[in-house]
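Here is a friendly walk through some local geometry. Please have a look at the sequence and the model, then read on.

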Amino acid sequence: MEYRPLGNTGLSVSVAGLGCGGNSRLGLGRGASFEGCVTVVRTAVDLGVNFLDTAEAYGTEEIVGAAARSYNRDRLVISTKAIFKAGDSGQTVTGQVEAALRRLGLDYVDIFHFHAVNPVAYDHHRDVLAPALLRLKEQGKVRHIGITETGPRDPEQKMLTQAIQEAPWEVIMLAYSLMNQGARHKVFPVTQRRGIGTLLMFVVRNIFSNTAYRRDVVAKLVEQGQLDASVLSDGDPLGFLVAEGGAESITDAAYRYARHEQGADVILFGTGDKDHVRANVESILRPPLAPPIIERLHASFGHLTGVGLDLPGPVKKA
């Protein structure tokens, strides 16, 4: 495993981080047992993954906590999140953090995020809710303060573009992939300059794992004039990543593309299958794609906004 600093937090994090939500939710999404889900987490940690990201909305905090008790707490970096609404107060934040700690069975969480913050709700989170997180940080219950975007509902990343310029955010979670590259220009230059840690989600979604769905999405983009029809000339618009790029699969290429982007700290992957844990980690640890392939990806898809940001749910069909 490779480790790197998470911005200026002082935390050392694995470049591969286990996302405990998404479609799989560690296996809960397909009806796996509690112990089976714990095994998925432990498989990741035993491979060197030390970053575990969960949330109240995922329903996996108890699983993460149970798995964490098998290890030295200092070895792990645990991140969780909660969603807040208009009218919530600092007292609400305190209650949510304390409830999360109870579910996790921990005395503190390394990062607590405001989860899926819409642009219109940002000021309330910054001005009304964040002071409570700062007090919890002073008490040692939260080590670092984070905020996550709602990619499908804010594809232009308006919220994060503002947040990364302001206190108190130390870590952000954002959508980034080889077909959703906006953060390369809007976000990463600022986070690197200001020392804000980055957690990348939506790196692999249905558009990369489902060939028929991918062709359908790209065909619609061609019809809308957002892509040139030549991208469909070989059938699969991303087939060149395997044929010419040396990737084992398009999913493999997607992980490697994100992993080696300047400004990317942790690449989050999700699965409910312990065998897939190893495959995902191996992809994230592989060398970068060849420069000509990166250039082609930037030239072909760098202008797109919000492509592939489907919310968790059933795998889409063409």
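## Aromatic pairs

The count of aromatic pairs comes to five, where rings of Phe, Tyr and Trp (its six-membered ring) pair if their centres lie within 6.5 Å, and planes under 30 degrees apart count as stacked, over 60 as edge-to-face and the rest as tilted. One of them joins phenylalanine 84 and phenylalanine 114, edge-to-face at 5.4 Å centre to centre with 90° between the planes. This pair links distant parts of the chain, 30 residues apart: phenylalanine 84 is in the loop between β5 (77–82) and α3 (90–104), and phenylalanine 114 is in strand β6 (residues 109–117). Helices (H or I, at least four residues) and strands (E, at least two) are DSSP runs, numbered from the N terminus.

Phenylalanine 84 counts as buried because its relative accessibility is 6%, and phenylalanine 114 counts as buried at 0%. Here buried means under 20% relative accessible area, exposed over 50% and partly exposed in between (1.4 Å probe, protein chains only).

Tyrosine 176 and tyrosine 257 make a stacked pair, with 5.7 Å centre to centre and 15° between the planes. They are 81 residues apart and link distant parts of the chain, with tyrosine 176 in the loop between β8 (171–175) and α6 (183–186) and tyrosine 257 in helix α11 (residues 250–259). Both tyrosine 176 and tyrosine 257 are buried. As for a cluster, Phe84, Phe114, Tyr122 and Trp169 form one aromatic cluster.

## About the model

This is a predicted model, in which local features need pLDDT of at least 70, side-chain atom pairs count only at pLDDT 80 or more, and totals for chains, interfaces and linings use all residues. Residues are numbered from 1 along each chain as its sequence is written, and side-chain values use heavy atoms, with hydrogens and water left out.

## Charges over rings

Which residue lies over the face of tyrosine 108? That is arginine 73, at 4.2 Å from the ring centre; a charge sits over a ring if NZ of Lys or CZ of Arg is within 6 Å of the ring centre and within 35 degrees of the ring normal. Likewise, arginine 205 has its charged end over the ring of phenylalanine 202, 4.1 Å from the centre.

## Backbone details

Most residues other than glycine have a negative phi, and most peptide bonds are trans. The bond from alanine 167 to proline 168 is cis, with omega near 10°, and proline 168 is in the loop between α5 (158–163) and β8.

Arginine 25, not a glycine, has a positive phi of about 50°. Arginine 25 lies in the loop between β3 (16–19) and α1 (34–46) and is partly exposed at 29% relative accessibility. Glutamine 157 has a positive phi near 60°; glutamine 157 is in the loop between β7 (142–149) and α5, and is buried with a relative accessible area of 3%.
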